[in-house]
Amino acid sequence: MVNEIFIREETDPYYVDGVLETGNTTENIISKIRMFLGTVPGDVLGDDNFGIDIEYLVFNTKQSAKEIEKQINERLLSYLGNIGNVSVDVNVSFGQDVNGGSDYAVIDFSLNGVKSIGILVDQ
């Protein structure tokens, strides 16, 4: 079993005080997804392809949700490597603030069919 650093914030409902590492496969994959989404390519010394510029993809490329899902899947799966029998599915949907505010995207990640992490990308 491989342990990873436990990176949940104190405001996270699944945060556990005093836990510094975890061997839970689901928790480890969620941590890797967060790391991947929070890193713009070129920010990691020695690996110019790590991460994804999700804000750029959502707001500057005029790509469909399916095209963005495909890019996330390709890059993420190359980073995750062998995750055993865990399937990772990505779902991207777009929306606009009901009060005429800015556009946004919601990106949900499901592990083995269970929604495990979601992010809101807005301007």
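**Exercise 1. Find which residues glutamate 69 touches, leaving out those up to four places away in sequence, in this predicted model.**

Start with the helix: glutamate 69 sits in H3, which covers residues 65–80. Now list its partners beyond four places in sequence: Val90, Asn91 and Val92.

**Exercise 2. Decide whether glutamate 69 is buried or exposed.**

Grab the relative accessibility, which is 7% for glutamate 69. The cut-off for buried is under 20%. Glutamate 69 therefore counts as buried.

**Exercise 3. Check how the span of helix H1 compares with the expected one, and pick out its buried residues.**

H1 runs over residues 25–37, so count 13 residues. From first C-alpha to last, H1 reaches 18 Å, close to the expected 18 Å at 1.5 Å a residue. Next, the buried positions in H1: Glu27, Asn28, Ile29, Ile30, Ser31, Ile33, Phe36 and Leu37. When you look at that list, keep in mind that an α-helix has 3.6 residues a turn, so residues three or four places apart point the same way.

**Exercise 4. Work out what pattern the chain follows along the sequence, and what share of its residues is buried.**

Count the elements: three helices and five strands. For burial, 31% of the 123 residues qualify. As for the surface, the accessible area is about 7900 Å², with 48% belonging to carbon and sulfur atoms.

Notes: Residues are numbered from 1 along each chain as its sequence is written. This is a predicted model: local features need pLDDT of at least 70, side-chain atom pairs count only at pLDDT 80 or more; totals for chains, interfaces and linings use all residues. Side-chain values use heavy atoms; hydrogens and water are left out. Helices (H or I, at least four residues) and strands (E, at least two) are DSSP runs, numbered from the N terminus. Buried means under 20% relative accessible area, exposed over 50%, partly exposed in between (1.4 Å probe, protein chains only). Contact means heavy atoms within 4.5 Å. The expected span of a helix is 1.5 Å times one less than its number of residues. Accessible areas come from the Shrake-Rupley method with a 1.4 Å probe; for residues, only the protein chains shown count as cover.
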